[in-house]
Amino acid sequence: MRHFLSTADWSRQELQALIDRARRYRESPQGDALKGKSIALVFFNPSLRTRTSFDLGAHQLGGHAIVLDARGGTWPVEFEDGAIMDGTAEEHVKEAARVLSSYVDLIAIRCFPKFENWTAEREDPLIMAYAKYATVPVINMETIVHPCQELAHMMALQDTIGDVRGKEFLLTWVPHPKPLNTAVANSALLIASKFGMNVRLLIPDEVYRLDQRYMDAAEKFCGDAGTSLTVTTDVKAAYSGAHAVYAKSWGALPFFGQWDGEAPYRAKGAGFMIDDAKMALTDNAVVSHCLPMRRNVKIADSVVDSPAFIGLAEAENRLHVQKAIMETLANGAEP
Amino acid sequence: MRHFLSTADWSRQELQALIDRARRYRESPQGDALKGKSIALVFFNPSLRTRTSFDLGAHQLGGHAIVLDARGGTWPVEFEDGAIMDGTAEEHVKEAARVLSSYVDLIAIRCFPKFENWTAEREDPLIMAYAKYATVPVINMETIVHPCQELAHMMALQDTIGDVRGKEFLLTWVPHPKPLNTAVANSALLIASKFGMNVRLLIPDEVYRLDQRYMDAAEKFCGDAGTSLTVTTDVKAAYSGAHAVYAKSWGALPFFGQWDGEAPYRAKGAGFMIDDAKMALTDNAVVSHCLPMRRNVKIADSVVDSPAFIGLAEAENRLHVQKAIMETLANGAEP
Amino acid sequence: MRHFLSTADWSRQELQALIDRARRYRESPQGDALKGKSIALVFFNPSLRTRTSFDLGAHQLGGHAIVLDARGGTWPVEFEDGAIMDGTAEEHVKEAARVLSSYVDLIAIRCFPKFENWTAEREDPLIMAYAKYATVPVINMETIVHPCQELAHMMALQDTIGDVRGKEFLLTWVPHPKPLNTAVANSALLIASKFGMNVRLLIPDEVYRLDQRYMDAAEKFCGDAGTSLTVTTDVKAAYSGAHAVYAKSWGALPFFGQWDGEAPYRAKGAGFMIDDAKMALTDNAVVSHCLPMRRNVKIADSVVDSPAFIGLAEAENRLHVQKAIMETLANGAEP
């Protein structure tokens, strides 16, 4: 039994097969791959798009999605083995995962970090515990990575720039009023490097480097593919000749959960919004961003409203790739 | 492509066709008009009845409803063109509406005014922006009008008093502890006048006049039909000879959002609850109210529990008329 | 028309028939008993398991479940006949129950006591009012009893210890940081006595006696069956020779809603957690607990992780028995 927790656990060929399957679902949305089957969508954080696309996708495949809103701390869950549960947690993940597995055929989980302690949270304890104790496949709907978004993005990239191998991929930090989760940034790094692109990471300061696990993984994928991973604070160099630009804002990990000290570093990126001037430096690059997206803060209207912007296609692709993922996991088959 | 935002955009013949279609669904609830189709139900305000009737209605037509609870400000949305989104809004309605349109075939929205500024809120900015940017039909589940309730009410009226043309319709303000939205009052005015009734608006004071847009529309409909629109503070005159009484409470627009000054005017309506004495003045009128309804505050138990009360039929009709609306919009056909 | 409010209203033979039907659903989950039918799941308190198992169960029978989250007091409901509704309640249960009945074929309700006044709350006013005014069958998803859990538990007991008649059933109070609802304890008492077991109730102090209604009912069932009901504070005596141990924590009724005075009595049960030493006194008893369950507070890990623990089977059985209940009520047939 396989889970879909991170694209790191799946080969490039397998991921490509999921994307190819997703393209067929885009042409022909209905199917019966989940006939008589069900999926629990467990949300520890809010969602509109993910909830809609998973629920609808399951329905279009003949299955049934059950949305469980675990927000608000109403159902805190214990992960520690042997814990004396006299605190806030009402239930151990052992029981939660096993009981849910006795009802449904797939479990999908969204659980962002709590922004308290990156050393603990980088281990992604909740979804890892679910994956350990569940007796059905578990799908990551965004934790500290966002693998469904990765596939949706790569599908949109291939649809617009064709074969991505050897192309220049720019992941640029962009401004945002608040320090955000690194999940989509980690994921952009993983998928672009895994699919053979030259990857440039543009950050306002070294403190915005992503977690070493993802830096190392991208380094390895680039090494395997004979491509390069470059980290830079030089906006002009980063954009020059890029074929794809991906925007994301995140909080600097050294200040994780204690954001006060981050402000001066964040200020260095004040000019990092994607605009026409920067785009003019690229090789007619496409631009994307996972949604939601703050216009004129992360990306200027003129770029969002230009043909270069493929963020809406990427959002639509979520529906298609998730159907491919659900089908593959539910049927225990290769994609 | 047509939306269902207000009955003002639909002819009387078209609305009657929707009601007639609803009657057939009442006889035979199942259908396949939404087979393979889906609807997003987006709630910015709570709902039990609307949520149940839309979800069930879509299911009975072979479709699939997805409920998106946007309450609690978790997903504030920007409507302004060109806004620099550095405030609380995480997403522009351009993206929200387009992405949702790429997933589903219909979008239904409930969004009450925020009671801050009627000049802005009378433009119904959220649903209007959704209708502008969505690429699928948008249905109003109550904003500053409540057109689904209108059809359900007219269906119940025709079922009980027959041909409504030339009949006397009384919309009466009734007491309530809090100043409420004018949506259902605006809607009652629109549908009764559009369907050729003589309309009487009974209010405790001139400050309770409804927005001029709806007063003017009702005036025009009455003019077209050769009927009359009367505004009065005289309870006895208002009830005398009425064939239908519709109860609603609302806050006086001149005090919108700053309700303190409204109290003395509200006090003038303290005796406006519908009771047996008032009903005795009518021509055996039927009585209704959209639900929820405070008993013995808005309408006396003796009236609610009498055969004259058609509020339960009206509530049931919501299911039927909404199926007619969804069918018509989803299939791009005339009703 | 019958409701499923308490097992007290159903004969042992009828309950056994529901359990037998549930066993057939466990073998063959799909059916069409709810084809074209719908159920409203109304939650006044949070739920993950109940929500999942009812929604999925309805779907597997060809029906459609609609989840209505009435938490947070957004929709307070009046129960009093003739009330002048000028307080917080927006709607009378008469309208709420009747309108819902006009949409759906079954109504299921979860509503815990508010922990304010046991004299009032022991009458279970909300679900009783729904049952009075609804024109469709009403199912109890946990109020002051939890009859669905009862059937799931009895099914698990019969699956493991066979014929339960004359066997020794121990309901033991167990520690918990907070005073909890007595529903599952009341229910354990009812079902074990009704099915002919000798029932032992182990409590830290007399103040933990359950409500007299349930004590009397169990006494009567035991009298009818020729078995015994024993209340004890003696741990050793209670466990000796037991065939089934059921764990539950609850608040002492004399301190209902004013828990400060309960602490010294609660302290007497500090050693009541189920552990290996206690289990060694039994006749190889099985152990269960409704979930969620705090490990190492209520039951030690070594017991939960042993083959004696049947709580997961009981949780799974919820799905099966609820399908039997829905089928039986929706079709107006004997089980």
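Start inside chain A: the C-alpha centres of its domain 1 and domain 2 lie 25 Å apart. To colour them, select 7–145 plus 318–330 of chain A for domain 1, and 150–314 for domain 2. These bounds come from an automatic or database domain assignment.

This is a predicted model, where local features need pLDDT of at least 70, side-chain atom pairs count only at pLDDT 80 or more, and totals for chains, interfaces and linings use all residues. Residues are numbered from 1 along each chain as its sequence is written, chains are lettered from A in the order in which they are written, and side-chain values use heavy atoms, without hydrogens and water.

**Stop 1: between the domains of chain A**

Show the contacts (heavy atoms within 4.5 Å). In chain A, 30 residues of domain 1 touch 29 residues of domain 2. Together the two domains of chain A bury about 2500 Å², 60% of it on carbon and sulfur atoms. Buried area is the accessible area (1.4 Å probe) that two parts lose on being put together, summed over both.

Now select A:Arg12, A:Phe115 and A:Trp118. In domain 1 of chain A, these lose the most area to domain 2, together 27% of what that side buries.

Next, pick A:Arg23 and A:Asp159. They form a salt bridge, with the closest N and O atoms 2.9 Å apart. The rule asks for a side-chain nitrogen of Lys or Arg within 4 Å of a carboxyl oxygen of Asp or Glu. Between domain 1 and domain 2 of chain A the count is four salt bridges.

Which elements of chain A give two or more residues to the domain 1 side that touches domain 2? They are helix 1 (12–27), helix 4 (118–121) and helix 13 (311–330). Helix 1 of chain A gives the most, with eight residues. Helices here are DSSP runs (H or I, at least four residues), and strands are too (E, at least two), numbered from the N terminus.

**Stop 2: chain C against chain B**

Select both chains. Here 27 residues of chain C are in contact with 28 residues of chain B. The buried area between chain C and chain B is about 2600 Å², with 58% from carbon and sulfur atoms.

Zoom to C:Glu95 and B:Arg295. Their side chains meet in a salt bridge (2.7 Å, N to O). Strand 2 (64–69), strand 4 (91–92) and helix 3 (93–103) of chain C each supply at least two residues of the side that touches chain B. Helix 3 of chain C supplies the largest share, seven residues.

**Stop 3: chain A and chain B**

Superpose chain B on chain A. A rotation of 120 degrees with 0.0 Å of shift along its axis does this (RMSD 0.0 Å). The two copies are thus related as by a three-fold rotation axis.

Definitions and conventions:
Least-squares fit on C-alpha atoms with pLDDT ≥ 70 in both.
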